[in-house]
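Q: Please look over the model shown here, and then let us go through what its descriptions rest on.

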Amino acid sequence: MSPQIEACSAVSAFRVSVNTQEARIKRQQKASPTKARDGIADTHPLGVGKDRTLQAQRLLSHPPQSLHLVAPVWNGGTRGIGGLSRVVAPEGNQKKGRSLLQFLADRFYDVEALRDHLLRKQVSKVHQKNRPFNHINQRYGPYVAGAYFILKQGGAVRFQGREWIRPNQRGHFSLDFLKLQAVPVEAVDASGCAINYQGLDSLLALKELQSLWLQRCPHVDDWCLSRLHPLASSLQELSLAGCPRVSERGLACLHHLWNLRRLDISDLPAVSSPGLTRILVEEMLPSCEVLGADWAQGLKLGPEEQPRDTAGPTPA
Amino acid sequence: MSEIKKKIQSILPGGDWNPLYDTSYLPPEGSDVVIVGGGVLGLSVAYWLKKLEKPRGAIRVLVVERDHTYSRASTVLSVGGIRQQFSVPENVQLSLFSVDFLRNINEYLAVADDPPLDIQFNPSGYLLLASEKGAAIMENNVKVQRQEGAKVCLMSPEQLRNKFPWINTEGVALASYGMEHEGWFDPWCLLQGLRRKVQSMGVLFCRGEVTRFVSSSNLMKTASGEEVNLKRIHEVHVKIDQSLEYQPVECAIVVNAAGAWSGQVAELAGIGNGPPGTLQGTKLPVELRKRYVYLWHCPQGPGLETPFVIDPSGTYFRREGLGHNYLGGCSPTEEEEPDPGNLEVDHDFFQDRVWPPLAQRVPAFETLKVRSAWAGYYDYNTFDQNGVVGPHPLVINMYFATGFSGHGLQQAPAVGRAVAEMVLEGHFQTINLSSFLFSRFYSGEKVQEHNII
């Protein structure tokens with residue numbers, strides 16, 4: 001079926017893939033997303049009575065980030081009904097957003113491999129930041145290990161009865177807290193840190209944590225929120241403001257945190273209807289004060305603009 | 001002029017030079033692995049085959065799917081739940097691996113230049129309720145699940161009422177609640193993600209139906225001296241959609257991932273042609289079973305924290321979205337199995353069999369309004385309602401990845417990896433699924449689950 005590919009690979013050591021079948025098909029696929037690709041329909045058929053509103057409710061509410069090294073370009077291809085099934089950007093945006101790197105990667109295997117390698121390096125950097133410090137845990141105990149982990153990421157820690165410990169501008173911090181082995185950590189400020197699902201291992205060992213701030217953390221998502229339940233007996237304050245990956249589905253598992261008194265869910269771009277979500281979260285956690293996620297959101301509204309009221313009829 | 005240009009381009013190396021007619025809709029004339037069925041299981045096998053092959057690009061994989069809109073495929077009609085609360089340890093391991101896959105789906109299925117996938121996972125967990133009779137079984141199950149690493153906790157009726165005040169705990173003796181790694185997600189997104197990744201890895205797709213297997217037999221003697229007739233499939237005839245044309249595809253390995261129709265595909269390969277009671281006469285016991293799913297709206301219903309609740313009577317429901325909509329259904333008993341000929345929904349089934357236990361369990365559901373309903377097929381394994389994985393003992397190059405009776409979607413990534421390991425290495429490496437092989441249908445060893453939905 002593809003003698004041309006074998007011929008080409010035998011020809012040049014540089015492995016130029018300019019005219020091979022593969023690359024042409026790849027370019028065709030990218031340029032014509034509306035054509036059925038090998039028979040797949042681009043929109044969900046819904047031919048068997050499945051409710052159309054179900055599909056419509058599943059919208060990505062934040063601009064998707066393409067996995068490329070240039071500044072992210074809003075593809076615009078994943079909004080709209082049946083948006084999830086249209087995973088290729090439409091032709092117009094594609095042309096504008098194509099960078100030199102993408103152009104070369106389409107045509108040269110080596111550039112493609114280089115780009116994949118760089119992307120994988122980015123991912124592994126995050127993994128490396130979230131590695132557990134087992135040797136510190138064994139020697140000094142879980143509280144010190146957790147504190148060290150947070151400080152290394154660039155966050156701040158407060159032990160019981162002490163002041164906040166923060167790393168300075170260059171990321172250095174004093175190691176005085178190493179002697180506080182038996183003092184529990186009361187508050188953690190991990191705002192802006194690259195903490196992810198694996199990194200939460202170190203945090204969950206802090207059994208008497210009362211206040212946790214995860215503002216603007218780029219890798220905290222719904223899966224991470226489902227992991228917070230071991231802290232239920234002590235956690236009283238949680239802040240998730242500005243986390244781009246947290247949606248209302250993750251907020252549903254905050255239900256385990258029965259001791260929670262303050263919850264900040266402002267400015268969550270992935271939540272589809274902030275007003276309604278806030279009301280449902282308030283119902284779910286009756287003794288908790290829920291901040292944010294209403295029409296204010298840091299925007300300045302003119303006097304004629306209505307607040308975005310998605311509450312609908314008042315639930316019982 | 002453009003015609004001449006096209007002709008010249010097709011003659012140059014890299015073009016598809018075919019002077020007589022366009023054959024791009026036909027599958028290739030030969031392929032190393034032919035996967036019958038392009039649902040989530042078939043695509044998962046294709047993905048892992050391409051991921052685990054050494055060297056890269058060594059294996060040519062062809063996926064044959066006759067329903068290109070997936071209008072009857074079980075994957076997209078599924079409710080989309082994933083749980084670890086099984087009683088068979090292998091099932092728990094499969095689910096744990098799959099949940100790991102789903103969590104890191106953007107690392108596994110990343111395609112450069114395409115946006116990352118959002119499978120809309122709701123980590124709300126499963127809540128299984130047990131009556132007095134089932135409480136001991138549930139405790140045993142939870143012990144097994146915890147041993148494998150699932151995070152499940154047991155709750156008494158008192159704790160249940162505290163946590164979920166909308167539940168009526170009458171008749172409930174024990175409940176098991178999955179705290180992590182359980183919930184539901186969007187199966188269409190997983191399917192699309194797998195599809196685009198697998199296409200970028202070079203797997204070929206064909207829109208057609210498998211109508212015939214051409215195989216050769218060898219009469220061989222086993223170690224104990226008895227004669228067995230081993231078959232090997234050489235060609236797969238793929239009939240193109242809406243046409244009489246077919247293409248014989250030479251293949252080395254065939255993977256049967258046809259879902260609810262796997263039994264028919266197995267019959268084409270001659271599995272089950274023989275005197276009953278022998279290995280030749282053992283058919284693949286996978287058949288179509290129709291199941292209904294109903295979507296209703298109840299403004300006073302349970303709140304955001306609602307898990308996927310499964311009643312002791314077999315009725316289940318879960319929340320859908322923010323707007324007090326719920327999905328649910330019930331498995332019919334053997335006597336009231338609906339006719340699987342079509343996907344029409346029986347609304348009386350909801351009135352008679354689903355609503356009463358629901359309203360009894362959640363009093364708020366007494367006032368609900370059904371918004372929509374649909375039906376889908378289970379690839380129901382009539383033997384023991386668990387999957388069939390691995391090669392057939394007689395048709396030696398047909399591998400199965402089917403028969404999961406309602407939990408195929410949640411175990412698909414792990415099963416795909418198991419089948420790929422079996423094909424490439426010859427034995428299971430990550431999860432040992434030897435108890436799921438075909439030979440158990442002949443030897444009679446059932447791998448039975450204690451709670452099936």
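Q: What makes up the secondary structure of chain B in this predicted model?
A: Chain B holds 17 strands and 11 helices, where a run of helix counts from at least four residues and a run of strand from at least two.

Q: How do you know whether the radius of gyration of chain B agrees with that of a compact globule?
A: For 453 residues the globule rule gives a value near 22 Å, and chain B has 24 Å, so the two agree. The C-alpha trace spans about 75 × 70 × 40 Å along the principal axes of chain B.

Q: What share of the residues in chain B is buried, and by which cut-off?
A: Buried means under 20% relative accessible area, and 60% of the 453 residues in chain B are buried.

Q: Why is B:R72 called partly exposed?
A: Its relative accessibility is 35%, and because partly exposed covers the range between under 20% for buried and over 50% for exposed, B:R72 is counted as partly exposed. B:R72 sits in the loop that lies between strand 2 (61-65) and strand 3 (81-82) of chain B.

Q: Which residues does B:R72 touch, leaving aside those up to four places away in sequence?
A: With contact taken as heavy atoms within 4.5 Å, B:R72 touches B:R66, B:D67, B:L77, B:W261, B:L343 and B:Y377.

Q: Where does UniProt place the feature "domain: FAD dependent oxidoreductase" in chain B?
A: The unreviewed UniProt entry places this feature at residues 32-422 of chain B, a span that is 27% helix and 31% strand, with its end C-alpha atoms 15 Å apart.

Note on methods
Residues are numbered from 1 along each chain as its sequence is written. Chains are lettered from A and ligands numbered from 1 in the order in which they are written. This is a predicted model: local features need pLDDT of at least 70, side-chain atom pairs count only at pLDDT 80 or more; totals for chains, interfaces and linings use all residues. Side-chain values use heavy atoms; hydrogens and water are left out. The radius of gyration is taken over C-alpha atoms; the globule rule is 2.2 Å times the number of residues to the power 0.38. Buried means under 20% relative accessible area, exposed over 50%, partly exposed in between (1.4 Å probe, protein chains only). UniProt positions are given in the numbering used here, feature names are shortened, and annotations may be inferred rather than shown by experiment.
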